[in-house]
Amino acid sequence: MDPIIRIAGLTKIYDSGHQALKPVDLEIGRGEIFALLGPNGAGKTTLISIICGIVRPTSGSVIVDGHDIISSYRESRRAIGLVPQELTTDQFETVWDTVSFSRGLFGKARNPAHIERTLKQLSLWDKRDTKIKELSGGMKRRVMIAKALSHEPRILFLDEPTAGVDVELRRSMWDMVRELREQGVTIILTTHYIEEAEEMADRVGVISRGDLILVEEKSALMAKLGKRELALTLAEPLAAIPPELADWQLELKGEGNQLVYTFDANAERTGIASLIRRLTDLGIGFKDLATRESSLEDIFVNLVHQGRAA
């Protein structure tokens, strides 16, 4: 992996004494899509704000495309486009003017052709002469992305980019992110929508209470930590799980009509065959069975729960 971002021993302690980030070590590869997951207050926005030069770290270092964010602030910041959670832009400017102005802030020469391509890519071309205040929330979100792309950054941070956006617009943004990655842009995404990370990310990081508790390739993470569920629809409902079934990790659902067995799909023996034999011995019949793999959301919830318990 060719890292475009290198983070070493990064911490942030605010004047109040609150430690927003415990020591973070992380490398993000050039051209990858990296999803950072975590609940509210976990430290996602603090981490992004430090990398983007908005918040000063307490200790540690961040190198962005070969430039230190402190000693070479301007050079590192030029490499970055940031789409924040908040829709902050001049409401009385037109779409064209606000995106063009954002390019100028980074010292880039005027390039109307690039602005036009960006607006067309984001389905904003027809709105180029429209004032921001007249746009819908989804269109304003697109303008924020256009502003972040105006100076042709090599890295794009998307902090909860589809919050409050309808499903159709969310999926069109996913397509746009994939196109940007194909153009060589590195994407760092924070999201509450687990399906976004599952759909797009190459790697996933999970942060909880300022601690980066896991970084893993998405496919490897799901293979390593994912579980499967076997759901047995019973012929007759059970009032409780018989003690003779205590050797299996079972849960009774659906008013006693469904028995759910959670197992490790990668284990040498899943225990399914022996469970079914035991059910037969006990005279417990079933009408149907189905298996379901854990989603990234299941894994995320479990990891955060473990992090809180630690």
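**Contacts of Thr118 in the predicted model.** Thr118 itself belongs to helix 4, which spans residues 112–121. Its side chain comes to 2.9 Å from the backbone oxygen of His114. The relative accessibility of Thr118 is 3%, so this residue counts as buried, the cut-off for that class being under 20%.

**Helix 5 against the sheet.** Helix 5 covers residues 137–149 and packs on the sheet. The strands touched by helix 5 are strand 6 and strand 7. The direction of helix 5 makes about 165° with that of strand 6.

**Helix 1 across several strands.** Residues 44–51 form helix 1. Helix 1 lies across strand 3, strand 6, strand 7 (155–159), strand 8 (186–191) and strand 9. Relative to strand 7, helix 1 runs at about 150°.

Six strands make up an open sheet with mixed pairing, in the order 6-7-8-3-9-10. At the edges stand strand 6 (80–83) and strand 10 (211–217). Each of these two has a single partner strand, so one side of each is left without a neighbour in the sheet. From one strand to the next, the twist averages 15°.

**Pairing of strand 3 with strand 9.** Strand 3 (residues 33–37) and strand 9 (residues 203–208) run parallel and are joined by 4 bridges. One of the residues to look for here is Ala35, whose bridge partner in strand 9 is Val204.

Terms used
Residues numbered from 1 in each chain as written. Predicted model: local features only at pLDDT ≥ 70, side-chain atom pairs only at ≥ 80, totals over all residues. Heavy atoms only, no water. Pairing = 2+ DSSP bridges. Axes fitted to C-alpha atoms, helices over the stretch in contact; angles between N-to-C directions. Contact = heavy atoms within 4.5 Å. Buried < 20%, exposed > 50% of the residue type's maximum accessible area, 1.4 Å probe, protein only. Polar contact = N/O pair within 3.5 Å; in protein donor to acceptor, adjacent residues only side chain to side chain.
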